[in-house]
Amino acid sequence: MNALHTSIHHSTVFDHPEMSRHEDVVFVHDRTTGLRAIIAVHDTTLGPALGGCRVWPYDHPGDALTDALRLSRGMTYKNALAGLDLGGGKAVIIADPRK
């Protein structure tokens, strides 16, 4: 998979207020399948990241990034509150879930 090329200006992506609070954020684009996704790992202090996958037809890649960052952070807190030895992560797939 190759890095996702979007209309987001790189300084906007890397200057996102949530980026510095995440351990890893990966943008992927597979030309063969058309897959476009963002995978965000918020925190693995308690253990490996656990989270789900959201499929949504975002109008702008920046909206998908914001969602991935917020959702992965939420998974960190949810797992900690549940007493799980797991961190938080989330994958956001930019697509129409009805297709």
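Helices here are DSSP runs of H or I with at least four residues, strands are runs of E with at least two, and both are numbered from the N terminus.

A quick word on what you're looking at. This is a predicted model, so local features need pLDDT of at least 70 and side-chain atom pairs count only at pLDDT 80 or more, while totals for chains, interfaces and linings use all residues. Residues are numbered from 1 along each chain as its sequence is written, and side-chain values use heavy atoms, with hydrogens and water left out.

How far apart are the end C-alpha atoms of α2? They sit 30 Å apart, which agrees with the 30 Å that 21 residues (61-81) should span at 1.5 Å a residue. The expected span is 1.5 Å times one less than the number of residues. An α-helix has 3.6 residues a turn, so residues three or four places apart point the same way. Among the buried residues of α2 are Pro-61, Ala-64, Leu-65, Ala-68, Leu-69, Ser-72, Met-75 and Asn-79. Buried means under 20% relative accessible area, exposed means over 50%, and partly exposed is in between (1.4 Å probe, protein chains only).

Tyr-58 touches Asp-63, Ala-64, Asp-67, Val-92, Ile-93 and Ile-94, not counting residues up to four places away in sequence; contact means heavy atoms within 4.5 Å.

**A buried histidine**

Now for His-22, found in the loop between α1 (10-14) and β1 (24-30). Is His-22 buried or exposed? His-22 counts as buried because its relative accessible area is 10%. The side chain of His-22 makes a polar contact with the side chain of Ser-72 at 2.8 Å. Also, a polar atom of the His-22 side chain lies 3.1 Å from the backbone oxygen of Leu-69. A polar contact is a pair of N or O atoms within 3.5 Å; within protein, one must be able to donate a hydrogen and the other to accept it, and residues adjacent in sequence count only if both atoms are side-chain atoms.

**Salt bridges**

Side chains of opposite charge can pair when their charged atoms come close. The count comes to two salt bridges, where a side-chain nitrogen of Lys or Arg is within 4 Å of a carboxyl oxygen of Asp or Glu.

| Salt bridge | Closest N and O atoms |
|---|---|
| Arg-54 and Asp-67 | 2.9 Å |
| Arg-98 and Asp-96 | 3.1 Å |

The pair of Arg-54 and Asp-67 links distant parts of the chain, strand β4 (residues 53-56) and helix α2, 13 residues apart. Arg-54 is partly exposed at 34% relative accessible area, whereas Asp-67 is buried at 18%. In the other pair, Arg-98 is exposed at 72% and Asp-96 is buried at 19%.

**Back along β4**

Cys-53 lies in strand β4 too, and is partly exposed at 48% relative accessibility. Cys-53 and Ile-93 are 40 residues apart in sequence, but 7.2 Å apart in space, C-alpha to C-alpha.
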